[in-house]
Amino acid sequence: MTLKNVPGRIAYVNARLLDPATGLDAPGGVLTDGELIVEAGAGLFDTSVPEDATLVDCRGHCLSPGLVDMRIQISGRDFENVGASAVAGGVTTAVCLPSTAPIIDDRAVVEFVARAARKAGLVKVYPYGALTKGLEGEELAEMGLLAQSGAVGFTDATKAVANARTMAQALSYAATFGLLLVEHPEEPTLAEEGVMNEGETATRLGLTGIPVEAELIIIERDLRLVEMTGGRVHFAHVSTGKSLELIRAAKDRGLPVTCDTAPPYFALNETAVGDYRTFAKLSPPLRAEADRVAIIEGLRDGTIDAIASDHTPKSEDMKRLPFADAADGGLGMETLLATALELVHNGHLSLLDALSLITRQPADLLGLPAGRLEAGAAADLIVFDPNRGWKVSDSELHSKAKNTPFDGRPLQGRVLKTVIDGRLVFNLDA
Amino acid sequence: MSKTPFDSSVFPQRHLLGIEGLSPLDISLLLDRADEYVELNRSVGGKLDTLAGRTVINLFYESSTRTRTSFELAGKRLGSDVINMSVSTSSIKKGETLIDTAMTLNAMHPDVLVVRHASSGAVKLLSEKVNCAVINAGDGRHEHPTQALLDALTIRRRRGHLDGLQVAICGDILHSRVARSNIHLLNTMGARVRLIAPKTLLPAEAERLGVEVFHDMKAGLKDCDIVMMLRLQTERMKTNFFPSVREYYNFFGLDYSKLEAAKPDALIMHPGPMNRGVEIASDVADDIGRSAIREQVEMGVAVRMACLEVLTLNLEREAVA
């Protein structure tokens, strides 16, 4: 994928405009000029279209801000791969974990990652900074400096900060600068040898389980530490109903706490592991059906602030192993929109509310200039058909890795076009 | 000894990966066939040529003299060529080895692969990559189907039936593939199963496997027909599952005082190797009248002969089809 020249004026006509930031859901159009949106609104172009603009007929399909994915992993330094997968899924802004190679615990790396990813794939990649040096959970990383260089939040990626004192100090220090800490809530010793959810299925398969308490203990601890320090915490990929009860109660008490979940936790349950299916080996593990239902309720009532794809590409060599030895994680960006739309098709959320969870809300949480259709904003748009059916097939994925827990699943809703900074970077039917 | 003609088409499985999913008919068929082989094995020089020209490979990623020898003997008594392959545990950490080995072995065209592996599900993964029949000789904590079959054969020969029996499985259930296979088999055949263990050695939601759970030996053994003891798998224990061997033996080791709670003629079983004085008292283990432990070993060969035969005949049938 190469950068084209800066585009001129483009008029997107005949669209169903969806802007979760303003609650707009109406027929209309968008006019972009170069990298920016000039005008967007209901009824725009009803009477006339600018003569100097290139017309893009959306044919009545939905036009919304590009997706903002607040949690992806970049495998080593494979930035190109991320871009292809992102734009095919309608993701225009993505935030990557600091567990890249090298680890993002230094200012120079923050700048390098953002630049390298952008250059390779057009998608706008913002990095999280490491919360502790080397992600080792001991010494605090230079959070202030990293934030100055562009880190949008701080996390130890796929590990919780196990040491309570370190976490307390991190929250306290981060509060000094108003920085957000993102926690992977999993008590490491309780989860140590576990490879799937603890329960009947694990017992039948003879696999070691990870109890829901591993998640609860860290959430409960961190909530206490937030109260103690005044810091802000965000819990990533929450997977259990009991976690939501804790977070809901904390929000009711006015604590500065937020959380996200990922599609596997509302679209799948532990039975997806089936016969040792390593594509369904995720971290946190897929939970019981009651948890899945509770996660949907958390999305409905606003306890969950965002949906992140948790995109984690893994090579075939790392997945085609006995279940206990296989790597965790699944692809997520290409199925993010369609899995979120399942919530709409199943009557759990309105289309605007579902979109909000993958555009405006994550953008607001991290203070990113994205997720809105407004004059002056970057022209990051997607055109999608919420009803178009397709089947997830590893051979058709744009990612080099093929490990999706949704492999073989029929989905409804597909990205047709992705536009970043005014440039068409993905066109399904081209 | 002559052999009864046998219609393999009634056993529809290509592999024997576990007991879960087998029907009562499948299990009875294997047990009936094994029953015949018990007599053959007791005769001097008893050997058949049922599997002449066939190759059985024992692929063991975990060391096990007993099970491997039993399969080796079973294969040889049926006239097959048997090759033993032990794979060092250090090389299996690199997981590609499993698939690579499967590919290599597949190219040698064996008829049956007998596989033991430390990871649950590894044998199934391997079975998807080869053309021959695969027998699970124990995968992680998952299943050990031939052990459950030999236990069932032992019980059936002593009691005449499996249905309606009250069976207690005691000890380290958490780490035991033997327990899982036995639970499936005994439930399928109409026996009632109790598990007796400290909570730390029971897997989550064990009750949902259709068993009753006890933490007290005397309460659990009350009126049981069969007492199956399990080996404490200390090699799989990294942390504190119990405070000491002394304490474990005191509460969960089988001795005569605890055995009093079971039926007077209760049969005592153990898959071996035993830790005497840890999970079972020596005098109980050696009680000729009540212990069936040595008989279990004998049944093992017969059961494995039946499994090898049935799966190989399936291959023949497939080839004809």
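**Aromatic rings and a cavity in a predicted model**

B:Tyr248 is buried, with a relative accessible area of 2%, where buried means under 20% relative accessible area, exposed over 50% and partly exposed in between, with a 1.4 Å probe and protein chains only. Before I go on, please keep in mind that this is a predicted model, in which local features need pLDDT of at least 70 and side-chain atom pairs count only at pLDDT 80 or more, while totals for chains, interfaces and linings use all residues. Residues are numbered from 1 along each chain as its sequence is written, chains are lettered from A and ligands numbered from 1 in the order in which they are written, and side-chain values use heavy atoms, with hydrogens and water left out.

Let me stay with the ring of B:Tyr248. Rings of Phe, Tyr and Trp (its six-membered ring) pair if their centres lie within 6.5 Å, and planes under 30 degrees apart count as stacked, over 60 as edge-to-face and the rest as tilted. The rings of B:Tyr248 and B:Phe252 have centres 5.8 Å apart and planes at 35°, so this pair is tilted. Both residues lie in helix H8 of chain B (residues 245-252), four residues apart, about one turn of the helix; helices here are DSSP runs (H or I, at least four residues), strands likewise (E, at least two), numbered from the N terminus. B:Phe252 is buried, as is B:Tyr248.

Over all chains, the search finds three aromatic pairs. One of them joins B:Phe242 to B:Tyr248, tilted, with 5.0 Å centre to centre and 40° between the planes. B:Phe242 counts as buried at 17% relative accessibility, and ring pairs link B:Phe242, B:Tyr248 and B:Phe252 into a cluster.

Turning to chain A, which ring does the charged end of A:Arg414 sit over? That ring belongs to A:Trp390, its centre 4.1 Å from the charged end, the rule being that NZ of Lys or CZ of Arg is within 6 Å of the ring centre and within 35 degrees of the ring normal.

A:Trp390 and A:Arg414 are also among the residues nearest the centre of the largest cavity, which is lined by 15 residues. A cavity is a set of points on a 1 Å grid over the protein atoms alone where a 1.4 Å probe fits but cannot get out, and lining residues have an atom within 4 Å of a point. The largest share of this lining, three residues, comes from S18(A).

Terms used:
On a 1 Å grid over the protein atoms alone, a cavity is a set of points where a 1.4 Å probe fits but cannot get out, and a pocket is an open set with protein on both sides within 12 Å along at least five of seven lines; lining residues have an atom within 4 Å of a point.
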